[in-house]
Amino acid sequence: MIKSCCFLILLILHTNLLASDDVREKINSALNRLPAGTVKGIMIYNPLSQDTIFSMNHTISMIPASNTKLFTTAAALSVMGSEFEFATRLLTDDKTILGGIIQGNLYIKGYGNSLFTKQDLTNLVYELRSKGIREVRGNIIGDDTYFDDVYVRDDWTPDEVANVKLPPISALVIDRNRTVVQRKRGRRVRSFSENIKNPPLHAAKILSEELINAGIIVNGNAAAGVAPASTITLAESKIPIAEILNRVNKSSDNFLAECLFKTIGAEASKEQGNSFYSTQAVLTFIRDNAIFYQGSSVVDGSGISRFNQITVGAIVGLLEKMYFDLTNFDVFNNSLSIAGVDGTLKNRMIGTCAEKNFYGKTGTLNGVSSLAGYLTTAGGEELIVCIFFEFTAGGAKLHRDVQEQIITALCELM
């Protein structure tokens, strides 16, 4: 009986060894397609057995592009929790509101609700009407001081393929801080979408217009300012964190990622959302969870900046941490793109074993292609995969094809 058990164990070990040798050969065959100058960082890891199936340059610092969003979304869940909601609120300093008349100011204050729309604002105004409010005798004030007023960054390179100039990153957002303007071109008047310049003032003006349209008298002016701590909430619009994370990771939405990044800083510091507090919160999350971080530096929430430097070992460590986080894993995993199904992986790996079996995050900048996530193999094993490429030749498509070839080879493991 003992001999039989030993034989079985040896047979399993021999079979696994052959499988590992076979997959290494397939990975190396895929990598041989790349130009000689391509810098490669790869790590494939089994979190349950703690086996490293393949590793290449896993401690080398590389540009992660939008794989930076994995740190942003994981840290957000750690700091705020899976039940957190982002809010936009209508506030007043008049605590009595006699006869439906607000004797003081009406404030619109944003708390990082980056999906707030003009229609949401209309709904809030009609909520005021339903509460009997018919007049505002003070001013209409927009408050975005939950974040700082540094709306743009110099290190977001404008000529990147992945980067359209972002609207102002502010705590108070209406329609992604963009507006439609009309300009005459030749004999025609055409409509253009452009970024707004002053988010709190813009929001105050829109709120004033909506109040008047709803039949509420406005006596004061629209302005940007700060709501006193003693204000009371009249109406609010909320959105759950899961919805934000889905759009950040699946759609790789840079604007939402940067708003989320500053929210992390605001909630962690309890002071204000800014790049310093946000970066410190992400670093604290990494240190507290013993994630390998040597050679890595996270400076923004979206991955647009080339000053982000991350090792594939750090990405794998992050994904391993989230894999064993029973509270937050489902929300985090569901925010990732599914190969052949949705998000930035919707049109990738269709018809392969990896279709519907790989949940991941893509990243693209000029000369950079990154891919990381969770893979379920044909044999039911769950693997963490991270593949970074930096290149000057061969093009993005070739490097994406090689990533897919590697993941498909892994998926076919029995």
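Tutor: Before we start, one term: a residue is buried if its relative accessible area is under 20%, exposed if over 50%, and partly exposed in between, using a 1.4 Å probe and protein chains only.

Student: Okay. And what kind of model is this?

Tutor: It's a predicted model, where local features need pLDDT of at least 70 and side-chain atom pairs count only at pLDDT 80 or more, while totals for chains, interfaces and linings use all residues. Residues are numbered from 1 along each chain as its sequence is written, and side-chain values use heavy atoms, with hydrogens and water left out.

Student: So where is Asn 57, and is it buried or partly exposed?

Tutor: Asn 57 is in the loop between strand E2 (51–56) and helix H2. Its relative accessibility is 38%, so it counts as partly exposed. Its phi is near 55°, a positive value in a residue other than glycine.

Student: How many helices and strands does the protein chain have?

Tutor: It has 10 helices and 16 strands. The chain has 414 residues, and 54% of them count as buried. The C-alpha trace spans about 90 × 60 × 35 Å along its principal axes.

Student: Which other residue has a positive phi near 50°?

Tutor: Asp 175, again a residue other than glycine. You'll find Asp 175 in the loop between E7 and strand E8 (178–185). With 33% relative accessibility, Asp 175 is partly exposed.

Student: Switching to sheets. What is the strand order in the open sheet of 5 strands?

Tutor: The order is E11-E7-E5-E3-E12, with mixed pairing. Two strands pair if DSSP finds at least two bridges between them. At the edges are strand E11 (222–224) and strand E12 (232–240), each pairing on one side only. From one strand to the next, the twist averages 20°.

Student: What holds paired strands together?

Tutor: Strands of a sheet pair through backbone hydrogen bonds, either parallel or antiparallel.

Student: How many bridges join E5 to E7?

Tutor: There are 4 bridges between strand E5 (residues 106–111) and strand E7 (residues 140–143), and the two strands run parallel. For instance, Ile 108 has Gly 142 in E7 as its bridge partner.

Student: Which helix packs on that sheet?

Tutor: Helix H5 (residues 241–250), which touches strand E3 (85–92) and E12. Its direction makes about 45° with that of E12. Angles like that run from 0 to 180 degrees between N-to-C directions, and axes are lines fitted to C-alpha atoms, for helices over the stretch in contact.

Student: And the open sheet of 3 strands, what's its order?

Tutor: That one goes E4-E6-E10, with parallel pairing. Strand E4 (101–102) and strand E10 (217–218) are its edge strands. E4 and strand E6 (residues 135–136) share 2 bridges, and Ile 102 has Val 136 in E6 as its bridge partner.

Student: At what angle do H2 and H7 cross?

Tutor: At roughly 80°, and the axes of helix H2 (residues 68–80) and helix H7 (residues 275–288) come within 10 Å. H2 and H7 are therefore roughly perpendicular to each other; the cut-offs are under 35 degrees for roughly parallel, over 145 for roughly antiparallel, 65 to 115 for roughly perpendicular, and oblique for the rest.

Student: Which residues of H2 and H7 meet?

Tutor: Phe 71, Ala 74, Ala 75 and Ser 78 in H2 meet Val 282, Phe 285 and Ile 286 in H7. Contact here means heavy atoms within 4.5 Å.

Student: New topic: how many aromatic pairs are there?

Tutor: The count is 8. Rings of Phe, Tyr and Trp (its six-membered ring) pair if their centres lie within 6.5 Å; planes under 30 degrees apart are stacked, over 60 edge-to-face, and the rest tilted.

Student: Why is the pair of Tyr 323 and Tyr 374 tilted?

Tutor: Because the ring planes of Tyr 323 and Tyr 374 are at 35°, with their centres 6.1 Å apart. The pair links distant parts of the chain, with Tyr 323 in helix H8 (residues 312–323) and Tyr 374 in strand E15 (residues 368–376), 51 residues apart.

Student: Buried or exposed, those two?

Tutor: Tyr 323 is buried at 14% relative accessibility, and Tyr 374 is buried at 7%. Together with Phe 324 and Phe 329, Tyr 323 and Tyr 374 form one aromatic cluster.
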